[in-house]
Amino acid sequence: MPNRNMPAFKKPVEKRSAKAIDRLLGMKDIVPSEFRYFSTVSDKAASLAELYSFNAIKTPVIENAELYKRSSRHNNDKELYGLDCEKGENGILRPELTQGILRAYIENNFAELPQPVRLYSIGPVFRREKMQTGRYRESNQFNLEIIGENKPMAEALLLAAAYNFFQDLQANFQIQINSLGKIDCRKEYAGKLNNFYKERGRRSKLCNNCKKYLGKNMIALLDCKEEVCQQLLAEAPQIADCLSDESREHFAKVLEYLDELNIPYNFNPYLVRGLSYYNDTVFEFWPTNDEGIANSKLALAGGGRYDNLVESLGGRPTPSVGLAIGLERLVSKIKDKLILPDLKEEVVFLAQLGDQAKIKSLILFEELRRAGFNVRQSFSTDSLKNQMEEASRLKAKISLILGKKEVMDETILLRDMESGVQETLAFKKVKDKLEKKVNRKEGVIYG
Ligand code: HAM
């Protein structure tokens with residue numbers, strides 16, 4: 001799509017001087033004609049994050065290398081961009097946003113705030129990777145973290161936010177999801193996997209990289225994209241057989257919520273993710289082509305639960321879950337389809353009490369948002385009083401209240417925030433009623 005505001009940048013015709021300095025390998029310019037795609041996607045990301053009650057945070061691009069070496073696969077120095085810092089400090093360019101955000105959570109004492117703390121951040125990460133299509137050494141991530149929440153609802157909420165973000169942008173994708181269980185489960189599974197590769201000469205068929213992991217990091221074998229290793233995997237035991245009752249129940253609940261939210265997913269028993277800090281739920285969003293075939297090598301997003309990471313970085317035990325979306329890959333996928341959002345007007349606040357009401361509210365939230373209403377919520381707050389205070393703070397014109405009774409009766413309570421007058425409506429009539437009561441921009445906003 002041509003840029004309406006900028007003249008097209010033509011490649012220089014003349015040969016460049018030998019003195020010209022090129023950019024470094026794996027680095028990319030986002031030139032003005034391309035920039036608007038990034039800014040539109042980043043704006044949409046930020047407004048979606050705010051709607052889902054995430055607060056923005058910006059952490060330094062340069063962090064202490066120890067933060068990353070302690071906590072992920074980046075213990076491989078080759079992938080980190082190390083820096084000469086003052087006073088013997090061991091600095092690096094961050095390869096992910098997650099650990100920097102957790103450091104900030106610990107350092108700023110966010111554990112004292114009401115939990116969970118939801119943070120989002122958009123910014124560059126640096127990984128000295130082997131060059132391949134769609135793999136850069138500097139890339140930008142839209143990162144969401146729910147810190148201090150052990151309930152499976154956290155995964156459902158995060159997946160719902162990312163799912164709707166991709167849907168709005170008309171990106172074709174497939175959610176891959178798995179559970180890695182806890183550390184004991186992974187130990188038991190690693191043993192089973194080791195035995196499996198010992199049998200029938202399977203070891204010798206593995207690629208050289210996987211051979212190096214044998215007996216040391218068996219789970220890493222599941223992450224190999226080499227065809228021969230993938231073929232061997234098809235018969236390998238599954239981690240699901242080693243899950244504890246607690247992990248099994250947690251994962252079943254996540255999937256149940258996704259079903260209720262009508263979010264399709266593919267249970268992928270071999271999905272492990274490259275980063276070692278995860279436990280229980282892990283997921284990726286794989287792009288699909290027009291035939292619906294998924295590409296596992298260019299994931300648009302990835303994330304999962306990491307209940308021990310905050311503690312391993314020096315904080316209190318803090319169960320958490322997070323996800324990051326790669327903006328370069330996303331922009332290259334949806335470039336031709338971007339639709340600019342319209343303006344939204346008066347605020348409708350959605351309040352809920354209880355898990356079932358929360359799920360129903362999430363569905364209604366999306367419906368109203370898509371219909372162009374400026375709908376807000378506070379899904380992380382359980383107290384109705386606090387939710388209504390938030391509605392007042394946002395100067396909502398209307399509040400919609402969904403409790404246990406309303407879920408059972410298929411109704412919803414509508415409160416006019418100016419007059420305080422309340423009425424009970426049939427749940428299916430809510431959109432029609434709102435159309436008469438609040439100002440919204442006419443016309444469908446997305447897609
Ligand atoms: P990740 O899977 O390493 O996860 O990266 C997230 C996304 O960033 C990938 O799905 C991909 O779209 C993009 N990405 C990663 N590396 C590159 C690259 N070299 N070039 C282009 N795009 C890339 C994380 O970073 C975790 N911190 C996610 C997370 C947040 N887990 C919990 N909280």
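Which polar backbone atom is 2.7 Å from an oxygen atom of the ligand?

Author: Happy to take you there! The polar backbone atom belongs to Ala299, and it is 2.7 Å from that ligand oxygen. Please keep in mind that this is a predicted model. The protein chain has an average pLDDT of 89, and 92% of the residues score at least 70.

Now let us look around the ligand. It is surrounded by 26 residues, and Ala299 is among the closest, together with Glu96, Glu129, Tyr136 and Tyr278. Tyr278 uses its side chain: an N or O atom there is 2.6 Å from a nitrogen atom of the ligand. Gly326 takes part through its backbone, with an N or O atom 3.4 Å from an oxygen atom of the ligand.

Ala299 is one of the residues in contact with Phe285, whose other contacts beyond four places in sequence include Leu159, Phe166, Ile175 and Leu323. Phe285 belongs to the largest nonpolar core, which has 71 residues; along with Phe165, Phe166, Leu400 and Leu434, Phe285 touches the most other members. Helix H4 (residues 153-168) supplies the largest share of this core, twelve residues. The core lies between domain 1 (32-182 + 244-334) and domain 3 (347-437), because both give residues to it.

Tyr278 leads elsewhere: it is a member of another core, of 52 residues, that lies apart from the largest one and also includes Met218, Leu271 and Tyr277.

Definitions and conventions. Residues numbered from 1 in each chain as written. Predicted model: local features only at pLDDT ≥ 70, side-chain atom pairs only at ≥ 80, totals over all residues. Heavy atoms only, no water. Core = buried A, V, L, I, M, F, W, Y, C linked by side-chain atoms within 4.5 Å. Buried < 20%, exposed > 50% of the residue type's maximum accessible area, 1.4 Å probe, protein only. Helix = DSSP H or I, 4+ residues; strand = E, 2+ residues; numbered from the N terminus. Domains from an automatic or database assignment. Contact = heavy atoms within 4.5 Å. pLDDT = per-residue confidence, 0-100. Near = heavy atom within 4 Å. Polar contact = N/O pair within 3.5 Å; in protein donor to acceptor, adjacent residues only side chain to side chain.
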